[in-house]
Amino acid sequence: MIGAWLHPALLLAFGALPFAVLQGRARQVWQLALPLVVLFVVIGLESGTRTTLTLAGLELTPLRVDGLSLVFAYIFALILLIGNLFALQVDDAAQHVAATLYAASALGAVLAGDLVTLYVFWEVMVIASVWLIWRRRQQAAYDAGFRYLIVHALGGMLLFVGVIAYYLHTGSLAFEPIDNAGVAFYLILAAFLINAAAPPLHAWLPDAYPEATVTGTVFLSAFTTKTAVYVLARGFPGTEFLVWLGVGMTLYGVTYAFLVNDIRRLLSYHIMSQVGYMVAGVGIGSTLAISGTAAHVFTHILYKALLLMGAGAVLQMTGRSRLTELGGLYRSMPVTFLLYMVGGLSISAFPLFSGFVSKTMIIEAAAVDGRGVVFLLMMLAGVGTFMSTTLKLPYFTFLGRDAGLRPPEAPLNMRLAMGIAALLCFLIGIVPGPLYAILPYAVDYDAYTASHLLKEMQLLLFTGLGFFLFIRVLGGKEKISLDLDWFYRVPGLHGLRAARDQFSAVNQGSREAVMRILRHAEQRAQAMRVSGWPLRSWPTGSMALWTAVVLALLLVFGFGR
């Protein structure tokens with residue numbers, strides 16, 4: 001019953017404050033101790049725990065623990081520990097404060113039982129996360145951070161208006177499935193989908209994440225989109241629109257992953273693709289699909305963090321992140337290469353690795369629900385995932401053409417963090433029982449059936465054969481891949497400039513018109529031989545006297561009414 005009196009989000013929020021003053025070894029100890037304590041508190045939460053309070057006449061539930069929220073809370077606390085180990089060598093107080101507040105707000109959001117509490121944590125999550133982008137201290141990072149902030153400000157505004165509309169329509173603020181809520185349904189759904197990186201307002205993710213700090217990207221990959229998946233599963237299970245939107249996201253993400261040259265941008269598009277599986281699972285809405293979504297969130301956070309830690313280690317040790325500038329790194333970074341491959345096999349749902357026991361659950365849910373087209377399209381997206389993340393990226397980064405780079409291995413703490421994530425990916429893959437035991441619904445599902453194994457192995461092996469047959473045309477290209485954001489970023493910029501010029505022209509014209517009127521009045525006064533008594537300079541004392549007289553008259557007549 002720890003959670004009844006010690007909210008893990010508040011514990012984390014207050015625990016972020018010492019990072020502002022701690023340095024050296026003391027800061028590193030706190031980096032590991034705080035996540036461990038929070039993980040212990042989260043594990044101690046019991047399903048059914050609720051904390052309620054009344055504020056300004058509103059019934060709020062800042063803590064609501066059940067099967068769905070617990071899965072997300074467990075993995076959020078776990079990845080905070082792994083991410084802090086990976087960032088142990090970072091001497092930047094602002095990053096550590098931001099990352100901790102970011103994790104605190106994500107935990108607060110998944111444990112919120114009402115929409116007001118959710119909104120507060122939702123907004124803190126945006127403010128905290130943007131600093132992980134800006135702290136890279138490059139112009140591209142500042143620009144991407146501002147664009148990230150603008151898009152999420154839009155999402156926050158939609159959520160705020162949606163919460164008000166929902167309260168006026170239903171008289172309740174409880175965060176439960178949102179049905180028959182009028183316009184509030186669409187406002188809140190749109191806000192959630194922005195954070196889930198759903199098209200067309202998805203480009204904030206592949207735009208901002210590659211520009212974040214090496215360690216900040218690991219935290220970014222874990223919290224924002226997965227919190228969005230949670231709120232969708234809580235508020236909109238079974239919404240048919242989400243099925244097809246999710247399938248579209250899976251294909252859209254893998255398509256762009258083929259086109260980009262930057263390794264972290266490639267992996268960012270795959271976040272969008274993998275979240276698409278989860279969104280589709282929420283849309284299907286069956287107990288198998290929702291449990292599969294929760295399981296895939298758990299495994300995805302681990303293997304995506306592992307992939308981005310591997311890419312981040314390459315960036316930190318070489319200063320490069322483009323496929324066309326890399327190659328042959330296995331010679332000097334073999335540990336990073338091997339650990340990255342564990343993440344690659346996991347995201348590709350390779351048997352014996354974590355993605356196989358979670359992604360196949362969502363695909364099976366589509367089959368059980370009689371959705372043959374959805375089943376086939378999600379399988380097709382899996383082909384693209386394996387080819388780009390598990391074959392293309394490691395081949396052109398660690399193998400292939402030797403770029404002559406001989407960087408040392410990543411620091412020990414970074415390798416340990418990657419090793420822990422890799423071990424968990426493997427353990428979950430071979431022993432999925434403990435993961436299945438914490439899912440929100442009890443499911444009778446066995447990933448290791450002959451049909452599942454045969455289907456996945458045939459798909460992956462033929463994909464591998466295709467990669468090596470067409471390897472010459474699959475390498476990175478020194479080109480810019482335009483995304484849908486071009487249609488509102490470029491015209492929007494031109495529109496803002498046009499509006500600025502128009503405003504400046506109107507302002508200048510107005511000032512000139514006023515000055516012409518004043519000059520005309522002055523000329524008329526001179527022609528009428530007015531002495532200029534009202535316009536001449538007055539002593540300060542006289543001005544004060546007449547000001548007092550005017551104010552006194554205003555007060556008398558004002559109170560007289």
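In which handedness of crossing does α5 pass α9? The crossing is left-handed, and the legends below show this pair along with several other close-ups of what is a predicted model.

**Figure 1. The whole chain, for orientation, has 20 helices and two strands.** Before zooming in, here is the setting. The C-alpha trace spans about 105 × 60 × 55 Å along its principal axes. Of the 561 residues in the chain, 54% count as buried. Contacts across the sequence matter for reading the views that follow: among those between residues at least 6 apart in sequence, 82% join residues at least 24 apart.

**Figure 2. Helices α5 and α9 pack with their axes 10 Å apart.** Look for α5 at residues 115–134 and α9 at residues 216–235. Their angle is about 160 degrees, and an angle over 145 degrees counts as roughly antiparallel, so α5 and α9 are roughly antiparallel to each other. As the opening question brought out, α5 passes α9 in a left-handed crossing. On the α5 side, the contact is made by Leu118, Trp122, Met125, Ser129, Leu132 and Ile133. From α9 come Gly216, Phe219, Leu220, Thr224, Thr227, Ala228 and Val231. Sorted by class, the residues of this contact of α5 with α9 are nine nonpolar and four polar, with no charged ones.

**Figure 3. Helices α13 and α16 cross at roughly 35 degrees.** Here the view moves to α13, residues 334–347, and α16, residues 412–430. The two axes come within 10 Å, and α13 passes α16 in a left-handed crossing. The contact of α13 with α16 has six nonpolar residues, three polar and one charged.

**Figure 4. Strands β1 and β2 run antiparallel and form a hairpin.** How many bridges join β1 to β2? There are five, linking β1 (residues 50–55) to its partner. Strand β2 covers residues 58–64 and is mostly covered itself, with five of its seven residues buried. For a handy landmark, find Thr54, which stands opposite Glu59 in β2. Two residues lie between the strands of the hairpin, and Ala56 takes a positive phi near 50 degrees there.

**Figure 5. The loop between α13 and α14 holds Ala349 and Leu352.** Most residues other than glycine have a negative phi. Against that background, Ala349 has a positive phi near 60 degrees. Leu352 also has a positive value, about 80 degrees, although it is not a glycine. Leu352, at 43% relative accessibility, counts as partly exposed. To place the loop, note that α14 spans residues 354–368.

**Figure 6. A cis peptide bond runs from Pro199 to Pro200.** The bond from Pro199 to Pro200 has an omega near 5 degrees. Where does Pro200 lie? Pro200 is in the loop between α7, residues 183–195, and α8, residues 204–208.

Definitions and conventions
Residues are numbered from 1 along each chain as its sequence is written. This is a predicted model: local features need pLDDT of at least 70, side-chain atom pairs count only at pLDDT 80 or more; totals for chains, interfaces and linings use all residues. Side-chain values use heavy atoms; hydrogens and water are left out. Axes are lines fitted to C-alpha atoms, for helices over the stretch in contact, and angles run from 0 to 180 degrees between N-to-C directions. Helices (H or I, at least four residues) and strands (E, at least two) are DSSP runs, numbered from the N terminus. A crossing is left-handed if the near helix is turned anticlockwise from the far one by less than a right angle, and right-handed if clockwise. Ala, Val, Leu, Ile, Met, Phe, Trp, Tyr, Cys and Pro count as nonpolar, Asp, Glu, Lys and Arg as charged, and the others, Gly among them, as polar. Angles under 35 degrees count as roughly parallel, over 145 as roughly antiparallel, 65 to 115 as roughly perpendicular and the rest as oblique. Contact means heavy atoms within 4.5 Å. Buried means under 20% relative accessible area, exposed over 50%, partly exposed in between (1.4 Å probe, protein chains only). Two strands pair if DSSP finds at least two bridges between them.
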